[in-house]
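Reader: I would like to go through this model by question and answer. Please define each term when it comes up.

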Amino acid sequence: MGGLKFTQDHECIYVDGDIAWVGITKYAQDALGDLVFVELPEIGKQVKKKEYFAVVESVKTAAEVYSPVDGEVVEANDNMPGDPEMIAKPLKEGGWIAKIKMSDASQLDGLMNEAAYEDYLKTI
Amino acid sequence: MTQKTALHDLHIDLGAKMGEFAGYDMPLYYPLGVIGEHEWVRNACGLFDVSHMGQIVLEGAGAAQFWERLTPSGFQQKAPGRAQYTVLMNEQGGIIDDLIITRTAPDGFFTVINAGCKEKDIAWIQSQLTPDLKLTRLDDRALLALQGVKAESVMAQTLNLDLSALPYMHMTETKAVIDGKDVDLFISRLGYTGEDGFEISVPNAHAVALAKALLAHEAVKPIGLAARDSLRLEMGYPLYGHDIHAQTSPVEADIGWIMSKNNTGFIGADIVLPQKEKGVARKRIGVRLLEKGVAREGAEIRNNRDEIVGALTSGGFSPSLKESIGQGYIQTDLAVPGQKIFVNVRGRNIMAEVAGLPFAPAKTKSMKK
């Protein structure tokens with residue numbers, strides 16, 4: 001598949017076999033401002049596409065992070081609650097929030113690639 | 001239609017992230033960011049645009065008695081120049097708005113009211129006026145707040161105003177030379193941050209020049225409404241519409257200190273005075289989270305049997321304390337600092353405790369001359 005995928009809610013996803021690594025985009029980070037906490041999902045949690053599985057707390061607000069796909073949380077980034085600024089790192093270098101084992105990878109088919117996401121940002 | 005303050009274009013030029021607040025397009029934060037702005041105010045000096053707030057003048061015979069009917073505070077004994085934090089009361093003992101009322105003359109008062117309550121307050125005050133009293137809106141004036149330990153020296157160095165003799169909660173009407181022009185200012189030594197500082201009422205026509213003159217000082221940075229909220233939260237100051245409102249009394253809100261022993265005839269006194277005597281079922285308190293997480297307005301407060309005993313009315317992360325704090329109402333028997341409680345955030349109980357307010361000591365000056 002290659003490359004990252006993006007949702008309209010500003011999640012970014014890296015696909016590694018049947019595992020989706022999920023984080024939030026720079027746009028979302030900038031909109032939230034200074035981050036103070038990330039609430040992680042429990043391992044084994046069953047998630048559904050478009051339901052939230054994590055919450056990112058900034059000084060100003062709390063933002064839910066939605067799953068792009070149905071599946072099961074197989075790993076959560078335990079470093080992140082104490083160091084929420086990690087979310088700014090590239091997804092593969094520590095910026096991921098959780099890894100989700102997908103039950104139907106085709107649910108990602110409608111997501112944007114990086115170029116399409118950049119175009120989308122210009123429209124909002 | 002969103003309204004703009006006189007400083008709107010300046011905020012844009014300064015790179016502010018703007019957002020709607022009480023019908024105004026206001027700066028939420030600047031490129032420095034909320035935490036940076038918060039710490040800057042605690043360590044140096046920040047400039048806030050609070051021109052969205054309402055400024056009014058009440059004049060005429062019986063003005064002090066009038067304010068003693070609409071609020072539970074005392075005004076007849078106040079010397080000119082003295083400012084009082086108080087609340088407008090409703091008949092049910094609840095709060096219409098909180099406000100600062102400053103005596104400017106034997107029969108004259110200058111008042112600052114919340115932006116979101118402006119029209120409601122003015123209509124209420126108008127409806128209560130006696131024939132001798134006149135209410136004037138100062139819509140032609142902006143309001144800037146300069147807050148922080150360096151505020152006094154900044155005022156001296158940028159405007160050549162020596163305010164060292166102005167006590168806390170006092171106002172002076174003075175002139176300053178701004179951009180080569182003599183400008184009439186109302187300067188009050190007070191604020192909403194717990195820092196020493198001033199609120200400066202300035203004609204709209206000179207507001208930008210005043211802001212630029214203050215911002216030219218290296219100790220001063222512009223601060224948005226987001227940091228204003230985290231600063232006031234650390235001080236335990238209530239925010240109207242959240243921590244106090246039409247269904248909370250001053251006694252429940254634990255601001256009974258605004259009440260004057262000499263004032264027993266205010267609107268709502270029949271409900272509030274017995275509360276002061278006999279106590280109330282719930283009280284406003286501070287809450288400190290003992291575990292990671294952030295609890296915000298609406299989060300339930302629960303006891304160790306998981307029963308709901310109150311709710312948060314404000315909450316967030318404290319940049320100074322590096323922990324999450326809030327305020328809310330809890331049943332009175334639990335309103336004791338150190339009392340262990342839980343706040344429920346998205347179904348999860350987070351360990352917390354009742355905290356005394358403020359969370360950090362205020363650095364305001366003495367009220368004595």
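Author: Two residues are in contact, or touch, if their C-beta atoms, placed from the backbone, lie within 7 Å. This is a predicted model, in which local features need pLDDT of at least 70 and side-chain atom pairs count only at pLDDT 80 or more, while totals for chains, interfaces and linings use all residues. Residues are numbered from 1 along each chain as its sequence is written, and chains are lettered from A and ligands numbered from 1 in the order in which they are written.

Reader: Which residues does A:Ala88 touch, not counting residues up to four places away in sequence?

Author: A:Ala88 is found in the loop between β8 and β9 of chain A. Strands (E, at least two residues) and helices (H or I, at least four) are DSSP runs, numbered from the N terminus. Beyond four places in sequence, A:Ala88 touches A:Gln29 and A:Gly95.

Reader: Is A:Ala88 exposed, partly exposed or buried?

Author: A residue is buried if 20 or more other C-beta atoms lie within 10 Å of its own, exposed if 12 or fewer, and partly exposed in between, with C-beta atoms placed from the backbone. A:Ala88 has 14 other C-beta atoms within 10 Å, so it is partly exposed.

Reader: In β9(A), what is the bridge partner of A:Gly71?

Author: Strand β8 (residues 71-76) and strand β9 (residues 98-102) of chain A pair over five bridges, in the antiparallel sense. Across from A:Gly71, the bridge partner in β9(A) is A:Met102.

Reader: Which element gives the most to the side of chain A that touches chain B?

Author: The contact takes 11 residues from chain A and 13 residues from chain B. On the chain A side, the elements giving two or more residues are β4 (35-39) and β6 (52-58). With three residues, the one that gives the most is β4(A).

Reader: How do the residues of that side of chain A divide?

Author: Ala, Val, Leu, Ile, Met, Phe, Trp, Tyr, Cys and Pro count as nonpolar, Asp, Glu, Lys and Arg as charged, and the others, Gly among them, as polar. The side of chain A that touches chain B divides into six nonpolar, one polar and four charged.

Reader: Which are the edge strands of the open sheet of chain B with mixed pairing?

Author: This sheet has six strands, in the order β10-β11-β12-β9-β3-β13. Each edge strand pairs on one side only; they are β10 (171-178) and β13 (220-222) of chain B.

Reader: Why do the buried residues of α4(B) line one face of the helix?

Author: In helix α4 (residues 118-128) of chain B, the buried residues are B:Lys118, B:Asp121 and B:Ile125. The arc is that of the directions from the helix axis to the C-beta atoms. Seen down the axis of α4(B), the buried residues line one face because they fall within an arc of 70 degrees.

Reader: Which exposed residues does the face of α4(B) turned away from its buried side carry?

Author: What covers the buried residues of α4(B) includes β4 (54-59), α3 (63-70) and β5 (83-89) of chain B, among others. The face turned away from the buried side carries B:Glu119, B:Ala123, B:Gln126 and B:Ser127.

Reader: Which residue in β19(B) stands opposite B:Val287?

Author: Seven of the eight residues of strand β14 (residues 282-289) of chain B are buried, so β14(B) is largely enclosed by the rest of the structure. β14(B) and β19(B) pair over four bridges in the antiparallel sense. In β19(B), the residue opposite B:Val287 is B:Val354.

Reader: What separates the C-alpha atoms of B:Glu353 and B:Lys340?

Author: B:Glu353 is found in strand β19 (residues 348-355) of chain B. B:Lys340 is among the residues that B:Glu353 touches. The two are 13 residues apart along the chain, and their C-alpha atoms are separated by 4.4 Å.

Notes
Two strands pair if DSSP finds at least two bridges between them.
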